[in-house]
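Q: I would like to learn how to read a model like this one. Could we go through its features in turn?

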Amino acid sequence: MTIVASMVSAERGKAHAAFRSAALALALAALFWSGNFVAGRALGGHVDPVTLNFLRWLIALTLMAPFVWRSTAASLPVLRREWRFILALGATGIASFHTLVYLALQSTTATSALLMLSLAPIVTLLASAAIGLEHPTNRQIGGALISIVGAGVLITRGNLTGILSRGFNVGDLWMLLAVVIWAAYSLLLRRRPADLPSPVALAASIAAALAMMVPVLILGAPTPVAALGSFPVLLSIAYIAIFASAIAFLFWTYGVSWLGPTRAGRFVNLMPIFGAGLAFSVLGEVPTLEQVAGAALVLSGIAFVEGRAREHVERQLKRE
């Protein structure tokens, strides 16, 4: 009995550690992506959206290659079988979403784009329910509503009349389209076959996305090479490629595999909070009282859902 109890205790500890690490991975991904918006806004007048997106993923794939090439080679039969899935991941989460984000940042602020992105969890929840992948529980709906209220406070700055009178600019509309595509990408990740490792799926989808973007670069008007030579531009691209691409996406795919797209999607609501912190530290912007209140609501919604989820895991372990 002592041995069995020890084994159960060990498995319980592993489950709890895995759960916590998934939440931490999603939070770090949100932090790195917040920095991507700040850097993307700064690069708006220097690098066109397609060139920036192509360079970030080309560098990211180069950095990842030494770590994933063996597992990728071993997974070639699976990749051949799942080529449609890989193409879909590359088209949505890599090629389209980030190009649209950089396009939006040319005519809207990083803060506005981040606030628009906080709509992603509700879009993911609705899409997941619409196609029958998930039936939201009262807890999920309650936590989502708390986070949505917080996102609403952040978006409107506590003044709904003001935003209704001003309306949305073109950049906000591009960002809304990007949110829809992000929801599709999150749902696609849920369909990842068990025999296809997350790093392999990511690397293969990046390669597919790069191939998709090449014709656009050839037919479009890419940024001249000379414009990429300044140190601030190179430093910003390096951050985007290393932290906001390779590392963040590995964290995200890991977190989604543990928590599912709907629950993981709520961590996107952390991005306006992280973005406000980065704006304060980098740009000297002081958060307003409305932003602090909205951030508190967003965090409360995530804490409510995740706290309930942990209680559910603990009850299941006790039954076993």
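Q: How many salt bridges does a search of the whole structure find?
A: This is a predicted model, and everything below is computed from it. A salt bridge needs a side-chain nitrogen of Lys or Arg within 4 Å of a carboxyl oxygen of Asp or Glu. By that test the whole structure has two salt bridges.

Q: Which residues form a salt bridge with Arg81, and at what N to O distances?
A: Glu82 is one partner, with the closest N and O atoms 2.8 Å apart. Asp195 is the other, at 3.0 Å from N to O. Asp195 sits in the loop between α9 and α10, while Arg81 belongs to helix α3 (residues 76-81), so this pair ties together parts that are 114 residues apart in sequence.

Q: Are Glu82, Arg81 and Asp195 buried or partly exposed?
A: Relative accessible area decides: under 20% is buried, over 50% is exposed, and values in between are partly exposed. Glu82, at 19%, counts as buried. Arg81 has 45% and is partly exposed. Asp195 is also partly exposed, at 39%.

Q: Which arginine is buried yet has no salt bridge?
A: For a buried charged residue, look for the nearest side chain of opposite charge. The case here is Arg56, whose nearest such side chain, Asp48, is 13 Å away. Arg56 is part of helix α2 (residues 49-74).

Q: What is Arg56 in contact with, leaving aside neighbours within four places in sequence?
A: Its contacts are Asn36, His98, Tyr102, Ile240, Ala241, Ala244 and Ser245.

Q: Which residues of α2 and α4 meet?
A: To read a helix pair, list the residues on each side, then take the angle and the distance between axes. On the α2 side are Pro49, Val50, Leu52, Asn53, Arg56 and Trp57. On the α4 side they meet Ile94, Ala95, His98, Thr99, Tyr102 and Leu103.

Q: At what angle do α2 and α4 pack?
A: The angle between α2 and helix α4 (residues 83-104) is about 130°, and their axes are 8 Å apart. Angles over 145 degrees would count as roughly antiparallel, and 65 to 115 as roughly perpendicular; α2 and α4 are therefore oblique to each other. Their crossing is right-handed.

Q: At what angle do α10 and α11 pack, and which residues make the contact?
A: Helix α10 (residues 198-219) and helix α11 (residues 231-259) pack at about 130°, with axes 10 Å apart. Contact is made by Ser198, Pro199 and Leu202 of α10 with Ala246, Phe249, Leu250 and Thr253 of α11. The pair is therefore oblique, and the crossing is right-handed.

Q: How do the axes of α9 and α11 cross?
A: The axes of helix α9 (residues 170-190) and α11 come within 9 Å and cross at roughly 60°. That makes α9 oblique to α11. Trp182, Tyr185, Ser186 and Leu189 of α9 make the contact with Phe249, Trp252, Thr253 and Val256 of α11. This crossing is right-handed.

Q: How far apart are the C-alpha atoms of Ala60 and Ala241?
A: Ala60 and Ala241 are 181 residues apart along the chain, and their C-alpha atoms are separated by 5.1 Å. Ala60 is in helix α2 and counts as buried, at 0% relative accessibility. Not counting residues up to four places away in sequence, Ala60 touches Ala241, Ser245 and Ala246.

Q: Which residues of α5 are buried?
A: Count the buried residues of a helix to see how far it is enclosed. In α5 they are Ala110, Ala113, Leu114, Leu115, Met116 and Leu117. Six of the eight residues of helix α5 (residues 110-117) are buried, so α5 is largely enclosed by the rest of the structure.

Q: How many helices and strands are there in the chain?
A: The chain has 14 helices and zero strands. Of its 320 residues, 46% are buried. Among contacts between residues at least 6 apart in sequence, 93% join residues at least 24 apart.

Note on methods
Residues numbered from 1 in each chain as written. Predicted model: local features only at pLDDT ≥ 70, side-chain atom pairs only at ≥ 80, totals over all residues. Heavy atoms only, no water. Helix = DSSP H or I, 4+ residues; strand = E, 2+ residues; numbered from the N terminus. Buried < 20%, exposed > 50% of the residue type's maximum accessible area, 1.4 Å probe, protein only. Lys, Arg positive; Asp, Glu negative; His and termini not counted. Contact = heavy atoms within 4.5 Å. Axes fitted to C-alpha atoms, helices over the stretch in contact; angles between N-to-C directions. Parallel < 35°, antiparallel > 145°, perpendicular 65-115°, else oblique. Left-handed = near helix turned anticlockwise from the far one by under 90°.
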